[in-house]
Amino acid sequence: MKDTGGGAPASPPAPLVTMRKRRPFPTYILVFLLPAAGIYTLFMIYPLIDSLRVSLYAPEDGRRAFAGLANYARLLTDSLYAPRFWAALRHNFVFFAVHMLVQNPIGLILAVALSSRRLRGRVIYRTLLFMPTVLSFVIVGFIWQLILSPLWGVAEGLMQAVGAGAYFRPWLGMEGPALVTLSLVSVWQFIGIPMLLFHAALLAIPDEFVEAARVDGASGWTTFWRIELPLILPTVGVVAILTYVGNFNAFDLIYTTQGALAGPNFSTDILGTFFYRTFFGFQLQLGNPTMGATIAGAMFYIILVGVLLYLFVWQRRVQVYEL
Amino acid sequence: MAHLVLITYAVIAMLPVLLIVANSFKTRAAIFSQPHLPPWPGTFSLIGYLTVFSRGNFERYFANSLVVTCVAMALILLLGAAAAFALSQYRFKGNTWVGLYLALGIMIPIRLGTVSILNLTSALGLVNTLWALILVYTAQGLPLAVFILQQFMRQVPRDLLDAARIDGMSEYRIFGLVLPLVRPAVASVAVFTMVPMWNDLWFPLILAPGEATKTVTLGAQQFVGQFISDWNALLASLTLAMLPVLALYVLLSRQLLRGLTAGAIK
């Protein structure tokens, strides 16, 4: 369904010949569109474009000189920025991978369980499972910081109860596991979103499809792989691209639990925290808006690549069935 | 089987939150010696809450968050509905392009423009005002709101509107007529735009970090940080910071989740 708009109906029916003539653009359309378009343009599109522009200029003694891609070259090669940038980018992809491998499959399993027919208490389950998603990153960060704290010992106690006490470590304070631990905390919080998107897609499948497969002797497993999963494939793509884009928004959780320096020893530093530190400065380093804008620009192009892949590769390939 | 999966995960989702809330009502000794038990008469204590209330500014932070979220939400719904109405009801030159332009923002995080947003708000004299947050959040929420509301506006029967036009109603009155018909969409717009606004740390930290304009999320972040060694106050302030959101969520969850699933299908 592309466009169902009928002709501009307010004007009296004009004879066909004069339709060709240019009529003034109806004022009321402008009145409806301009406020939204205005705020959106001023506070979103303009800053994005302006930020990309700033990244192409060198801030030299007050007046800005066009510098082409010099700032980007600096970001990718200068010893002050490049190691941090590549590390942060790698951490972002680890963060993304954990979400794709843990959050989305578990979300799908929960959605399948939630969508099973004649399930009692569906509303209660849905409410409970989605609850962490409405909490703020800040709260979630603190909650897990306390739980994983060796001082309090709650996590250790729980692990001892199941006989795994010896495996407890203060993960958030360790360079190796800190990033994966924080990714899992984020998974815990956001699992509700893929769950509900998959749930909605599964509910939209007509019962007859599944019943017909059952009558033909297909097991629940086969029905899922052969009938349900192909039908919700478009949602799998939506969830993947939402996860990808959302991953570059992750800042709050790291900032809350590990601070702007994303410790220990930058092991949890992602592009969001790197951007913040570079833009505002930290400790002895002064803030640098130009390099900040350059990092934002780099993030923009990385997101763009993902979105274009999604639109032109995934969406072209995936079969959408009309239900 | 389904129940087993769901109950297991419900425990995983709920346990951390319950743990914090239960321990916030206990004495310091009990928090450490028996963290997994609920507060008993012997271990019950409100000391953490007393500390928090004597030192905090929570009422103000809460009021700031409420103002920002409500005003931005109202702007998003009203302006978004008007734009969605124009795009779905009239065929005019550039309709598709305007629609695409407005939809761009769904995929691009507004945070990437932060450097220029800060310049813009300081040029407009809006730094450390709630208006900075309101305008940025409105711009952030509009694309998705227009997109969702458009789907709903298309389903409004055309005959109804044409009848109103024949009766001589102006286009503005007709818009007023359509608004109540898209009420079901409001819930899904609300959940997608309101929760991120309420929970955002980035823009309050950058655009409005002053004491007078702190939001609850920024307030909690800094406030909780002060109590790193006072576990009673730490747990109490965490509980206080999440209680309003949880209460609102439980109250509205039925509509919110229904809106979310409905919005996701189409």
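The buried residues of helix 6 of chain B pack against helix 2, helix 14 and helix 15 of chain A, and also against helix 7 (130-154) and helix 11 (202-207) of chain B. The model is a predicted one, in which local features need pLDDT of at least 70, side-chain atom pairs count only at pLDDT 80 or more, and totals for chains, interfaces and linings use all residues. Residues are numbered from 1 along each chain as its sequence is written, while chains are lettered from A and ligands numbered from 1 in the order in which they are written.

- Helices here are DSSP runs (H or I, at least four residues), numbered from the N terminus.
- Helix 6 of chain B covers residues 114-123, and its buried residues are Thr114(B), Val115(B), Ser116(B), Ile117(B), Leu118(B) and Thr121(B).
- A residue is buried if 20 or more other C-beta atoms lie within 10 Å of its own, exposed if 12 or fewer, and partly exposed in between, with C-beta atoms placed from the backbone.
- After helix 6 of chain B comes Gly125(B), which has a positive phi near 70°.
- Asn128(B) lies in the loop between helix 6 and helix 7 of chain B.
- Asn128(B) is not a glycine, yet its phi is positive, near 60°.
- Most residues other than glycine have a negative phi.
- Asn128(B) counts as partly exposed because 16 other C-beta atoms lie within 10 Å.

**The interface between the chains**

- In all, 73 residues of chain A are in contact with 75 residues of chain B; two residues are in contact if their C-beta atoms, placed from the backbone, lie within 7 Å.
- On the side of chain A that touches chain B, the largest share comes from helix 2 of chain A, with 16 residues.
- That side of chain A consists of 57 nonpolar, 13 polar and 3 charged residues.
- Ala, Val, Leu, Ile, Met, Phe, Trp, Tyr, Cys and Pro count as nonpolar, Asp, Glu, Lys and Arg as charged, and the others, Gly among them, as polar.

**Helix pairs**

- Helix 6 of chain A packs with helix 1 (residues 2-23) of chain B at an angle of about 80°, and their axes are 10 Å apart.
- Axes are lines fitted to C-alpha atoms, for helices over the stretch in contact, and angles run from 0 to 180 degrees between N-to-C directions.
- Helix 6 of chain A and helix 1 of chain B are therefore roughly perpendicular.
- Angles under 35 degrees count as roughly parallel, over 145 as roughly antiparallel, 65 to 115 as roughly perpendicular and the rest as oblique.
- From helix 6 of chain A, Ile143(A), Trp144(A) and Ile147(A) meet Pro16(B), Val17(B), Leu19(B) and Ile20(B) of helix 1 of chain B.
- This contact has 7 nonpolar residues, no polar and no charged.
- Within chain A, the axes of helix 14 (residues 271-280) and helix 15 come within 7 Å and cross at roughly 160°.
- That angle makes helix 14 of chain A roughly antiparallel to helix 15 of chain A.
- Residues in the contact include Phe274(A) and Phe275(A) of helix 14 of chain A and Ile295(A) and Met299(A) of helix 15 of chain A.
- The residues of this contact divide into 9 nonpolar, 2 polar and no charged.

**Single residues**

- Ala220(B) is part of helix 12 (residues 216-226) of chain B.
- Ala220(B) counts as buried because it has 25 C-beta neighbours inside 10 Å.
- Not counting residues up to four places away in sequence, Ala220(B) touches Val138(A), Ile139(A), Ser237(B) and Ala241(B).
- Ala220(B) and Ala241(B) are 21 residues apart along the chain, and their C-alpha atoms are separated by 6.5 Å.
- Asn265(A), in the loop between helix 13 and helix 14 of chain A, has a positive phi of about 50° although it is not a glycine.
- Asn265(A) counts as exposed, with 10 C-beta neighbours inside 10 Å.

**Confidence**

- The predictor gives the complex an ipTM of 0.86 and a pTM of 0.85.
- Chain A has an average pLDDT of 84, with 91% of its residues scoring at least 70; pLDDT is the predictor's confidence in each residue, from 0 to 100.
- Chain B also averages 84, and 94% of its residues score at least 70.
- Within chain A, confidence is lowest in helix 1 (residues 16-19), at a mean of 46, and highest in helix 4, at 93.
- The pLDDT is below 50 over residues 1-20 of chain A.
- Where pLDDT is low, the predicted coordinates should not be read in detail.

Definitions and conventions:
Helix = DSSP H or I, 4+ residues; strand = E, 2+ residues; numbered from the N terminus.
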